[in-house]
Structure formats: structure tokens, C-alpha cells
Amino acid sequence: MQRRRGILAPGALFPLSFWILLSGIFVNRFGSFVGVFLLVYLTAQGYSPAQAGIAAGAYGLGSMAAALLGGTLADRRGRRWTIVVAMFSSAAATLALSQARALPALVGLATLAGLCAALYRPAASALLTELVPREQRLPAFAWYRFALNVGFTAGPLLAGFFASHSFFLIFLTDALSSVVFGVLALVALPAGSGGAAQEQPPTAAGFVEALHHDPRFLLFLLGSLAVAIVYFQHQSTLVLQVHSLGLSNAAYGALLSLNGLVVIVLELPLSQVTRKCSLLPLIAIGWLLTALGFGLVAFASNLVSLALTVVLWSVGEILHHPASAAYVADLAPAHLRGRYQGAWDVTWNLAQTVGPPLGTLAFSWDAPRFWWLCGLLTSVAVLPLVLGKAPDQTPAQAECPRAETPALRRSGPAPYPARKESGPPGRRSRALLTYLALLPRGTDVDLRIIQQVIRCSYPQARHLAEALERQGYVLRVAGSRRRYCLHPSYRPAAVRLRRQ
């Protein structure tokens, strides 16, 4: 594991594969032109706005379906496999869409392109969860959002230049960005966990059963849906509010740019300030700031006051979104991490689909009370978080200790919980086991740290760790970098060893 230091994230401890994953996400997001310019492209080809809207809506429906399908594939076939398949199929679907002319073919290929383009997201979130220690998940997801936001902000500038010359360049660049991410994933990302028969224990609950026994997650999804519906009013009813105050479209564009600027500039620094905070209070504060920001729009009378409301809900977005992703990762059983992340993604995709039309309808009835309703709806969504309890170890995880960290694998042939009998551990082995037992669950340790703990050479540390691995005491991270943690079944080992 390598330490990456920087001004924005001092002391962040992330492996190289984490930065490779973020690089691929940035490249792919930077080149994601088709979803943004599809409506413009179709109207330029002579289709009516209604026909173009059908195709653009089909692209969005494909993205919504990708959340659950991508999570299922990530859990059953593996994170890297899902990302690679999604990226190469997205490139093929995008190029095919550029050659379609008939409306039925356009609608079908737009659905397929939207599905393939978003298929990687649950797998990327699940893989990110397994690449970093639990205490670093919050800043890790902040970096993940930073890569997405910077790519999405910078990409359309280049796409506008391409569109003025040839729309085919938009499709070609989108496809090339997907291929680049696919190649990076294929050659540089760890396989992660995958394969239901290999990773999922016989007693592990299925996704539907896990949801049935996880009311915290269901309440969180319901609250996230309410907050997301309010959040996406900035894409619809906010422009109506701007026009009602006599302001121009340029003012509305400036407000959206302010949101992007606040998120890009403040998200990483704030994640370093809040990385040691509890997740539920962070989410609750973020949702309350969102409620306050949208609720105060009812009292905004000029561009400056509107800008202040945008800053409020933008800071709320910075606080609650990375914390929500980390919270979902904490709640999810190891064999369902992809599907849990996908279910959370569905709430945001659904809100982006139904939020704007519902908002514009309610705004047309009573504009001031509509913004009060937005603030009230988001505030009520906070109540389950305030009354809830942060997850320590979910019931599904308790039933399945072997799947607690799916990026870890046992190399010893003995089935859990048996181990090979090779005599009691020696002095250095006891020292290492005691050290590992003091660490939080799921924490992995680099081999060079083991070398420092037991004060020996690197080959000796490697030999010791491999011996303990063969005996079943420790788990090893899959991949080229050797990292170890204590097997969950031997958590009391430190107490027994101290008594000897």
C-alpha cells in the first residue's frame, strides 16, 4: 500500500489501484458526451423535439436499469469483470447509435447505450470500498465524486467544440474514453470479489431477504429518494423561480456554475475535516442544509440571495453524498455490496426522472409554498437518521464472518473455521497476532508494516505471514501487494496469547 500525500488530502492512505480506478472514471466521465448532447444531435438530424425527447428519455431509463443490473453483475461475476464488460459494450453501443437513423433503432440503441454507460458504477463503488480501509472510505468517496465532477465539468467544453464541427466526433470520443477505462480496468485493477459460488457462503442471505431484514437501509433509501427529488429541483423549478424574479437565463447558468465551483473547491478539504466524524450525523447535517437551502428559495428576491441558497445546498451535498456512500458500504453484507450500492443509485436515478415533472407541477400551483414543502420534505427525511444507529456489524455480516472483507481471501486449504495444526505460534507470531487483533475489523496491514512491528527483515516477515496464512490465522489481500489482517474467527486470539 502506498501513501499519497497532497495539499488537499494530507495523510490519505490509498493503494495504487485506487488511483487507477479514479483515473479511469475521470477519463470516462470526461468523454461522456452522448448523454448530454443526444437531444441536440437528434434535433439537428431533423427529428422533432418530441421524438428526440423519447430517445433521450430511453437513454435515462437505460441508466436507471443499469444500477441494479450492474450491482448484481458486480456481486456475482466480480468488480473488474463488470467494469471491463460495461466499458467495451458502451463503446460498441455508442458507435452503433451514431449510425442509426430510424426512430425505433435510435430508441433501442439509446436505451442500450445508457445501460452500458452506467453499468460500471455499482462495481466501481463496491471495488472502492474494498480497496481502502473503513476509516478512509469517506475521503475515498470524496475523491471519487471529485473525479466525476471535474470530468463532467470539463468534458462538455470539448464536446461543444466537437459538435460545431461534426457530431460523429462526439460519439467517437465517448467510445474512446470507454475503451481507455476498459483497458485500464483489464490490466491494472484487482479482480475483487465475485462469483457467487466462491464468495457467498451457503448461509448468506439473498438481496431481497437482506433488504427484508435491514429496515435501516430501507428507511435510508426512502429518505435518500425524498432528498434527491428535492435536490433535482435545481434542474427544473429553480429556473422557473429565476424567471419569476425577472432574471435571465445567464443568471440561472451562473447559479449552476456556482454549485459546481463550490463542490469542486470544497469537497476534498471538507472530507479531510469530517473523515473522523460519525456518518449518520454528517448525512443528517447535509440533508438539513439541503432542506434549508431549498426552503429559503421562497424568500430569495434577487440573484445574491439565490446564490446564498445555492451555497447552502451545495455544502449539504458535499457533506451527505460521500458519507451516504460510505454508510451504504458499512450497511451492506460483503456479498451484496454491489447490489446495495446499485439500490442507492436507483433512488437518485428515479428522483432525476420523476423529480422535475412533479416539481414543475407543484410549482405551478403555488410557488412559495412549493419551496416550503421542499424544505419540509427533506427535514422529515432526517428523522430516521436521528433515531437510527450507526452500523457496527450488520446481522448479515454477523452470519457471514468469512465474507466480511471480500477483497481478502484465504490461501490455506483447510475449510473455515478449521486450521492446520503445526504447533503453537512462536514469539514473533504471537506479537504479530496480538498487533492484528488490536486493529479494527476489516483493517489490512502492509507487509512492510509487519516487518517494522516484529523487527525483522522483509523476507522473514513474508515467511512469517505466509506461515500464519497457511495455518488459517490471517487473510491475505488478493493481488500483487501482500497485505494481511487477522481472520475474524480468531479475533479473541490476542487475549489467549497474552495469558500464555
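Visitor: Let's start with contacts. Among those between residues at least 6 apart in sequence, what percentage join residues at least 24 apart?

Guide: That comes to 79% in this protein. Keep in mind that we're looking at a predicted model.

Visitor: And what is the protein built from, in helices and strands?

Guide: Its secondary structure comes to 23 helices and 4 strands. The protein has 500 residues, and 53% of them count as buried.

Visitor: You mentioned Thr274. Is Thr274 buried or exposed?

Guide: Compare its relative accessible area with the cut-off: buried means under 20%. Thr274 has 12%, so it counts as buried. This residue lies in helix α13, and a polar atom of its side chain is 2.9 Å from the backbone oxygen of Leu270.

Visitor: Leaving aside neighbours within four places in sequence, which residues is Thr274 in contact with?

Guide: Those are Leu138, Leu282 and Leu319.

Visitor: Can we try another pair? At what angle do α4 and α6 pack?

Guide: Here the angle is about 145°, and the axes are 9 Å apart. Helix α6 is made of residues 121–131, while helix α4 runs over residues 79–99. α4 passes α6 in a left-handed crossing. From α4, the contact uses Arg79, Thr82 and Ile83; from α6, it uses Ala123, Ala124, Ala126, Leu127 and Glu130. Sorted by class, that gives 5 nonpolar, 1 polar and 2 charged residues.

Visitor: Staying in α4, how should I read Ser89? What is its relative accessible area?

Guide: Ser89 has 24%. Buried needs under 20% and exposed needs over 50%, so Ser89 is partly exposed. Ser89 is placed in helix α4, with a polar atom of its side chain 2.6 Å from the backbone oxygen of Val85.

Visitor: How far apart are Ser89 and Ala117, in sequence and in space?

Guide: They are 28 residues apart in sequence, yet 8.2 Å apart in space, C-alpha to C-alpha.

Visitor: What about Ser90: buried or exposed?

Guide: Ser90 has a relative accessible area of 1%, so this serine is buried. Ser90 also lies in helix α4. Beyond its neighbours within four places in sequence, Ser90 is in contact with Cys116, Ala117 and Ser178.

Visitor: Cysteines make me think of disulfides. How many disulfides are counted here?

Guide: A disulfide is a covalent bond between the sulfur atoms of two cysteines. To be counted, the sulfur atoms must be within 2.5 Å, and by that rule the count is 0.

Key: Residues are numbered from 1 along each chain as its sequence is written. This is a predicted model: local features need pLDDT of at least 70, side-chain atom pairs count only at pLDDT 80 or more; totals for chains, interfaces and linings use all residues. Side-chain values use heavy atoms; hydrogens and water are left out. Helices (H or I, at least four residues) and strands (E, at least two) are DSSP runs, numbered from the N terminus. Buried means under 20% relative accessible area, exposed over 50%, partly exposed in between (1.4 Å probe, protein chains only). Contact means heavy atoms within 4.5 Å. A polar contact is a pair of N or O atoms within 3.5 Å; within protein, one must be able to donate a hydrogen and the other to accept it, and residues adjacent in sequence count only if both atoms are side-chain atoms. Axes are lines fitted to C-alpha atoms, for helices over the stretch in contact, and angles run from 0 to 180 degrees between N-to-C directions. A crossing is left-handed if the near helix is turned anticlockwise from the far one by less than a right angle, and right-handed if clockwise. Ala, Val, Leu, Ile, Met, Phe, Trp, Tyr, Cys and Pro count as nonpolar, Asp, Glu, Lys and Arg as charged, and the others, Gly among them, as polar.
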